[in-house]
Amino acid sequence: MKVNKLQRVFLHKVNGQDIRLTDPNENFTISDVQHFYGGTYPILTNAKITGPEIVNGEAQYRFETTMGTKG
Amino acid sequence: MKTNFFEQISTFAFEGNMLLNIHNDNKGQLTVSVVLRNGEISATAGNTLPPMTIGGTATELDEAFFTELTTPVKQTIGLIHNLETYQKELDKAKNKNPQNIKKAKAAIEIDEDNDSDEPDDLFARQADDKQAKAEKKRLYDEAMEKAKELAKQMKYTEALAQLPDPAEYPEQAEVLNKKRREIQTSKETYDKLTQQFND
């Protein structure tokens, strides 16, 4: 028997396009990941995390933000 | 203490920003993400490049960080360059082609008002161009033929979709509008009948 650990993948939308962020480190908690990528994508610091949703053998987490929809 | 970290980075010869994010956990494992950004690019594709992540102990990273990174960074720079050139060319083409501007203008007017009574001068230039006109006529005839055929087969929705846009053919607008109404009436009758039949 072979046991595969589910890969985590983090999705984040910019201008309507999904950006796939790979798992930086298996030992990171979800909020660690959020902080880690927050440096690159400041909008993430305020995001809500939904998931995991299991699609194609990977656990997809979604960063959802309502920023930038005003007006 | 002297390091050559920045010298190494400068060998990448990139333009714009390199965002480095370094995370250290209590076991001495470092996780680093690297992403290149160029503010010049307004194409969304340029900003959706995901970061590269590299993990390892400090010693491992000291040894392998730059060798690992050289290829992906070079590829990324190439891609960014391509995007930049592409975008410039795209802008140039947009500005050069008056037909595009006219089309865009016409499209806006049509959105507001579907009666297609916009002034003829929008199409004056196209009228000069015999070849374009002939081609347009051919397309028009083809589309009309298809629409008629589809209407005969009682595929009214498809027929409506096939019908040329009156906005593109101002001269035939009246014919087109009439045809559209015709098909629509047939469609309604057909829908009603199907409804009754299903009941």
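Contact here means that heavy atoms lie within 4.5 Å. The structure is a predicted model, in which local features need pLDDT of at least 70, side-chain atom pairs count only at pLDDT 80 or more, and totals for chains, interfaces and linings use all residues. Residues are numbered from 1 along each chain as its sequence is written, chains are lettered from A in the order in which they are written, and side-chain values use heavy atoms, with hydrogens and water left out.

**Exercise 1. Describe the fold of chain A by its elements, contacts and burial.**

Begin with the elements, where helices (H or I, at least four residues) and strands (E, at least two) are DSSP runs numbered from the N terminus. Chain A contains one helix and four strands, and from the N terminus on they follow the order β-β-α-β-β.

Next, take the contacts in chain A with a separation of 6 or more: residues 24 or more positions apart account for 34% of them.

Finally, turn to burial, where buried means under 20% relative accessible area (1.4 Å probe, protein chains only). Of the 71 residues in chain A, 37% are buried.

**Exercise 2. Describe chain B in the same terms.**

The elements of chain B are eight helices and three strands, which run α-β-β-α-β-α-α-α-α-α-α from the N terminus on.

Among the contacts in chain B between residues at least 6 apart in sequence, 47% join residues at least 24 apart. As for burial, 31% of the 199 residues of chain B count as buried.

**Exercise 3. Work out how chain B meets chain A, from area to residues.**

The size of an interface is often given as the accessible area lost when the parts come together. Buried area is accordingly the accessible area (1.4 Å probe) that two parts lose on being put together, summed over both. Between chain B and chain A this area is about 1,300 Å², with carbon and sulfur atoms giving 56%.

The elements of chain B that give two or more residues to the side touching chain A are β1 (17-24), β2 (29-37) and α2 (44-47). The most comes from β2(B), with five residues.

By type, the residues on this side of chain B are seven nonpolar (Ala, Val, Leu, Ile, Met, Phe, Trp, Tyr, Cys and Pro count as such), eight polar and one charged, where Asp, Glu, Lys and Arg count as charged and the others, Gly among them, as polar.

To close the count, 16 residues of chain B are in contact with 16 residues of chain A.

How values were computed: Buried means under 20% relative accessible area, exposed over 50%, partly exposed in between (1.4 Å probe, protein chains only).
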